[in-house]
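Subject: Structure handover

Hi,

Here is the structure I promised to pass on. My notes follow below it.

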Amino acid sequence: MARFYQDSANDFVLFHNSSVPDWRPPQRGALGSLLGHWAVHQRKPALIAIPTGSGKTAIALAAPYLARSRRALVVVPSAQLRSQIAEAFRTQAVLREIGAIADSVNPEVLEVKGRLDSWKPCTDADVVVALPQSISPDHYGEHGKPPFDLFDLVVVDEAHHAPARTWRAILDHFEEAKKVLLTATPKRRDGKPVPGEVVFHYPLRAAMDDGYYQSVEARLLETSGGGSREESDIVIRDSIVHELNRPEHASSALLIRAGSKRRVDELVQLYQKAGVSVVALTSDLGEQKRTQIIDGLIGGQTRAVAVVGMLGEGFDLPRLRLAAYHDKHRSVNSTIQLIGRLVRSHRDYPQRSVLATVRDDDVYPALKGAIRELYEEEVDWSMLLPGIIDGAVQNTLEAKTFAQDLVAPPVKLSLESIRPLVRATVFEIVDDWIPPFVDKAVPDTLLAGEVIRGQEIFYSTLTANRQSLLIVLQGIRSPRWHFDSGLDVSNYSLHIVTYIPAPNQTRRPMLLLNSEDASVMSAVRHTLGMATEHVRPADPERLHRAFDSLTRMSVSNVGVRNTYGGGRGSASYKMFAGSGVDRGMREADTAQSAIGHAMAQIGEGPGSSSYNIGFSVEKAKFWESRYVPLHKYDGVLEDFADRYWASTEVLAPLLPSVARGVRLTAFPNFAVAAIEMHPVLLGSEWTTDDGLPIGRLDLRHETAESTGSELKFSAIRCDSGDKVWTGVVDIYGNVAELNSVVQMNRGHDTSRSLAELFGAQPPIIYFLNGETVSGTTLYQPPRVSRDLSRWDPIKFDWSSTNIRKETEKSKSAGDSINKTLRAHLFTTPSTARRRWIFDNDGRGELADLIVVELFGRTRVSIELWHLKAAGGNKAVRVSDMQIVVAQAIKSRRWLTDRGLWQEMAHRYSGRSTPKLDLVSGDKTLLEVLLGLTPDHPQWSFANYPPQVRGKVVVAQPGLSWGDLSAKVQQGDQSAIQIRDLLAVFDDSLGALGESEIVCSD
């Protein structure tokens, strides 16, 4: 049994005088910190972060001496690095060169290749060097795992791999061993923290100042516009071959980076045509062949090598001074590692490093910020590294310090690992109210163990400044298709409430809520006493300002609210996406619309990553695509608050010609033209207790006029006409019931009251002056003429019609309006191949009369005719128009609703009410198109919806168009109200379809 380090420990010299041993500053600092750490925390992993090329190998070699190790395990990520490290331990040349050891005795080193059949070979070694796939207990059965005490020291090189399962299993299995984790890039691509405590960090900037790094000259080469990959390859090859042939690079090695094995073969041939012999080094080569090639590189026999996934992290090749970057890496870390190969200083190779690549768009989306800057101009690439690497280590240290001031978490929750997604629903505090947790403690009802919405509070705490309340909930998630608890798993969610005090009298305090579960945050708001009299949602104009004040790299997504709503399937909200989308939007895209949300990419500045940021007007939200460390979260929100309240002029507002919503401070002092359900609720699958879909509830305002801070409305069942609910919506978007609570259900979801659903998605309200209210936002009317010149009404001769008789169901004498219109539609000539006329009169009707015309297999025209009995002889009466116009406005959603055909089928077959009666048309073909003939599913419009051209018609024989025109000119109030009502109707159709009026002369 070897005892080399215990027997020879006294021969090792850590410090004799200032120059002996000749440790580099990062080595001396790391070894001293390691001794200090072990004096207090022998079992806690010690993380040492020093830049590549600063002497990590010497630290690894010295660690067993400091620990007086019985047997040390060294874990590395690659076969190349395994060979290098094993040779370094066998020879101890690095330590002898600096004077740390003097004798000629070396430890017994075992280089493990492949899996072990027995652990006996390890017991005869002082040092075992292995890959995790060879040594990790995860790869051995329960009875084949290594003894727990096989190693008393574990050294992990390239320790950013340590969070991976197989690596972590090594650290956990050898629990009693001292552990040293070495890394140059502690930031992982997946964001997981590297285990252990950072005991020493040597900044990359210091390494550069001390001369351990040299500059890297980047040759960013131009190609013709839209140049092919072949052209790019030739341009890169010619540039780097020119460098390779320069005298100062006579001793340099060239690395040619490819993205695949096929590309390696292509590039080898390309360079051979230029007279350069290139060796292909790929992972599919046998180990002996790979070793031969690497030895040739180290010894100088091989000058150029084409690689894919080889010679990566940790591999040391001082001769490497040239790189041909044909295929760029897909990650930041890999890009940094490539640069790290080139920047190492070595006295035998003083020539500058050169990297050649093309300046093109082939920069993967993951390469943002600092890495993207590499391709902006010809800069010294090494100068950008400190901002990336040093910042990652500093973040780790700050996160640990921050976590120490929080409530101790459960064992499986790592506070340093919490990275909230930056997002918040924004509120202003309007009075002296302060959340009860500020400067105090977590409220008792929000402590760990309490329950919110059926989920247990797993952890809760306040940040050190007592301004953010953090709650972690633990719930149970079940597959919807499995009605048993056997597959249930724990589900965790993070919720944060942040209070930002007002720094001066020009600003108000703010409360920002970060949660993806509105019901949970509603309960938290209730617990905190966050009543509507204390807070109000963010000002839409200030949300715009907070967004517009940032320097945008590119706008990627814009949503515009059709201020005349729509419905399920209609363009009530249009979204435009694509890089620079704002530059391509036309006036037609934004007509009768206002900005609803926007997203853009921004950058934090040199050395930092770019990210997306967005805002939503009606939801009073802002969000970013980045997850930030918990210790930086409050600062990010404070930066948002500063932009929100800023008064400086915005130089580059987004889409300045498009309308923007404003904060609703009072409902317009005009009559309500219509009130309709939010489109999100129409297809949401919520139902009443007896199964009536929420979309079959019709919303009606209770009074014609609405002023002040509340508006009363009701929900009517379309099947029976019964009023099932009455409530009010206020200017803050809150909805409250005025009668009994109506519960709604959806699958396995927790039941929610109708008021809750309306509060989450407030109804859309249209006013006669053209203004629209959605939630807490007021949209101004379109800037178009509101006179009667837009109309060319159809003026019927109603002399044989009883205009007070709507349908034949009435016992009154004379023909009904419905009968007269049927006759008109029946005799109207048409060029359609097929034509159907339907009667759907009744509560919850699609329309009184419906005309469907088939022009081709996929082209269909639909007309929805709404009619109403007159209140007297032809005249100008507002009461004649209000209800029928409101019905017409709401029915426009069917013009684009893909569910129309199924709904018509249900009504035609009697499965839904009111009954859809066929007045005219081919019954057999109709039933095929409605999907009621199972033998022809391919012809069903429900399965394959056609292109629809739509029209909505309002028929009111009691309206005299001549009198209306004259009275509008005279300024008659009733006439003006009808004019405005018709303008709202026409505007609400917009591009959805045509609008038409049928009246008297």
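**Salt bridges across the chain**

Glu676 and Arg892 form a salt bridge, with 3.1 Å between the closest N and O atoms. The two residues sit in distant parts of the chain, 216 residues apart. Glu676 belongs to strand β28 (residues 672-676), while Arg892 is in the loop between α23 (878-891) and α24 (900-908). Glu676 is buried, at 7% relative accessible area. Arg892 is buried too, at 0%. Please keep in mind that this is a predicted model.

Next pair: Glu996 and Lys951. Their closest N and O atoms are 3.5 Å apart, and they form a salt bridge. This one also links distant parts of the chain, 45 residues apart. Glu996 lies in strand β44 (residues 994-1000) and Lys951 in strand β43 (residues 947-960). Glu996 has a relative accessible area of 17%. For Lys951 the value is 16%. Buried means under 20%, so Glu996 counts as buried. By that cut-off Lys951 is buried as well.

Some salt bridges share partners. Glu217, Arg219, Glu243, Arg246, Glu248 and Arg352 are joined into one network this way.

Arg508 is in the loop between β18 (489-500) and β19 (510-514), and Glu428 is in strand β14 (residues 421-429), so the pair ties together parts that are 80 residues apart in sequence. Glu428 is buried, at 1%.

**A helix pair**

Now to helices α2 (residues 25-40) and α3 (residues 56-67). Their axes come within 11 Å and cross at roughly 35°. The crossing of α2 past α3 is right-handed. Which residues meet there? From α2 they are Pro26, Gln27, Ala30, Leu31, Leu34, Leu35 and Trp38. From α3 they are Ala58, Ile59, Ala62, Ala63, Leu66 and Ala67. By type, this contact has twelve nonpolar residues, one polar and no charged.

Best wishes

Methods:
Residues are numbered from 1 along each chain as its sequence is written. This is a predicted model: local features need pLDDT of at least 70, side-chain atom pairs count only at pLDDT 80 or more; totals for chains, interfaces and linings use all residues. Side-chain values use heavy atoms; hydrogens and water are left out. Axes are lines fitted to C-alpha atoms, for helices over the stretch in contact, and angles run from 0 to 180 degrees between N-to-C directions. Helices (H or I, at least four residues) and strands (E, at least two) are DSSP runs, numbered from the N terminus. A crossing is left-handed if the near helix is turned anticlockwise from the far one by less than a right angle, and right-handed if clockwise. Contact means heavy atoms within 4.5 Å. Ala, Val, Leu, Ile, Met, Phe, Trp, Tyr, Cys and Pro count as nonpolar, Asp, Glu, Lys and Arg as charged, and the others, Gly among them, as polar. Buried means under 20% relative accessible area, exposed over 50%, partly exposed in between (1.4 Å probe, protein chains only). A salt bridge is a side-chain nitrogen of Lys or Arg within 4 Å of a carboxyl oxygen of Asp or Glu.
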